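Here is a short briefing on how parts of one structure pack against each other. The sequence and the model come first, and the notes follow.

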Amino acid sequence: MNDASAKLTQLINQAPREIAPQKELWNDIERQLDKVELDQPQNKAQQRPVFRRLAVASIILLVGLLGMNIWQHNGELSTLATPSPLLATLAEIKLQHQLQVEQLSQQQHLTNWQASELGLPLENGIEQLRKAAEQIYQALQQTPNDKELWQLWLWTQQREIELLQQGQTLPVNPLPQGV
Amino acid sequence: MTAQIRVMEPRPLLEPELIDKAKLGDKSAFKKLYQLHHQRVYALCLRITGQVSLAEEATQDCFVRLWQKLPQFRGESQFTTWLHTLSVNQALSSLKKHRSFWSRFVSSDTDLQSVRDEYEDLDKILLKLPERARIVFVLHALEGYKHEEVAQLMGIAPGTSKAQYHRAQKLLEALIEQGQVDIGGRHE
């Protein structure tokens with residue numbers, strides 16, 4: 001340990017633990033304590049308007065949400081009350097499908113595949129599809145905005161056409177002319 | 001007669017009693033606590049902040065904070081230890097607050113001149129140290145904190161604390177070699 005290091009150690013050991021401030025600090029501290037006490041009720045008072053604002057904002061939000069909900073319900077009711085373009089489209093598609101089925105049925109008179117044993121499963125399938133399509137159609141009339149129902153309904157129609165076309169290709173003897 | 005008067009005098013309150021009274025809002029009890037401890041707190045604040053005006057402000061802040069936090073003191077540790085920790089944190093906080101704005105405009109040179117003849121030798125040369133080195137030196141060498149604790153208090157790595165302490169030590173030794181300190185002049 002060199003001389004300076006030893007001196008530093010000595011200074012550390014001799015360093016006073018307490019030092020008196022040059023000026024009296026208590027008066028300022030006491031003033032600040034009074035201020036702290038005054039501030040505390042003020043803080044409570046300041047919290048009230050914040051709480052009020054929060055309560056008012058919550059009520060406005062609640063009313064807004066309720067209003068929006070009611071408005072949406074009214075929209076749905078008005079949709080049901082007035083014939084929507086979707087319902088018209090629904091009816092038109094159904095009509096076109098029926099026409100297509102009729103055309104295919106006229107061809108059935110030429111092949112008469114339904115009368116053969118091979119055509120029986122197809123005939124059952126078509127019948128089930130028609131029942132399902134009718135139920136979906138009725139559901140769509142209630143909720144014409146349901147996209148999944150639309151897709152399912154169109155699929156049943158498409159499938160019915162496909163099955164009818166498959167029936168045409170079955171290896172059955174064509175009916176003799178005049179029957 | 002004098003003996004009778006002495007018997008009639010109320011005994012001075014002990015520190016735990018003062019604490020209990022101050023907790024309940026007794027300012028005279030709190031003032032007595034201040035009188036008991038303010039010089040220790042001021043010494044700590046002066047060494048950490050390195051400026052008289054800032055040390056005075058930090059000391060006041062310490063006692064205002066103590067007044068606010070005193071109800072939280074449950075006596076699980078020594079009051080002096082608890083107050084010491086509170087004072088270190090408050091002094092560092094005051095210094096940080098001050099540094100962030102006022103230190104851009106106010107130099108500490110004036111304070112250095114004013115304390116040159118006022119304080120003990122170590123405190124004279126401590127004020128010549130760079131801020132971070134001084135704080136690390138004060139906390140580690142004078143206040144007995146470990147480097148890990150100093151690092152946690154200052155938000156630095158323990159290695160940085162050790163490096164700053166070494167730096168402070170070398171600077172102080174250089175100042176002693178330059179003869180800027182009269183060893184033992186005041187004490188012997």
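The model is predicted. The contact between the chains takes 25 residues from chain A and 31 residues from chain B.

- On the side of chain A that touches chain B, α1 (3-14) and α2 (26-81) each supply at least two residues.
- α1(A) gives the most to that side, with 8 residues.
- By class, the side of chain A that touches chain B has 14 nonpolar, 5 polar and 6 charged residues.

**Helices α4 and α5 of chain A**
- In chain A, helix α4 (residues 120-142) packs on helix α5 (residues 147-168) at an angle of about 155°, and the axes are 9 Å apart.
- Angles over 145 degrees count as roughly antiparallel, so α4(A) and α5(A) are roughly antiparallel to each other.
- The crossing of α4(A) past α5(A) is left-handed.
- Residues of α4(A) in the contact include A:L122, A:I126, A:L129 and A:I136, and those of α5(A) include A:W150, A:W153, A:R159 and A:L163.
- The contact of α4(A) with α5(A) has 15 nonpolar, 5 polar and 3 charged residues.

**Helices α8 and α10 of chain B**
- In chain B, the axes of helix α8 (residues 131-142) and helix α10 (residues 158-177) cross at roughly 95° and come within 8 Å.
- From α8(B), the contact is made by B:R132, B:A133, B:R134, B:V136, B:F137 and B:H140.
- From α10(B), it is made by B:S161, B:Q164, B:Y165, B:R167, B:A168 and B:L171.
- The residues of the contact of α8(B) with α10(B) divide into 6 nonpolar, 3 polar and 3 charged.

Notes:
Residues numbered from 1 in each chain as written. Chains lettered and ligands numbered in written order. Predicted model: local features only at pLDDT ≥ 70, side-chain atom pairs only at ≥ 80, totals over all residues. Contact = placed C-beta atoms within 7 Å. Helix = DSSP H or I, 4+ residues; strand = E, 2+ residues; numbered from the N terminus. Nonpolar A, V, L, I, M, F, W, Y, C, P; charged D, E, K, R; others polar. Axes fitted to C-alpha atoms, helices over the stretch in contact; angles between N-to-C directions. Parallel < 35°, antiparallel > 145°, perpendicular 65-115°, else oblique. Left-handed = near helix turned anticlockwise from the far one by under 90°.
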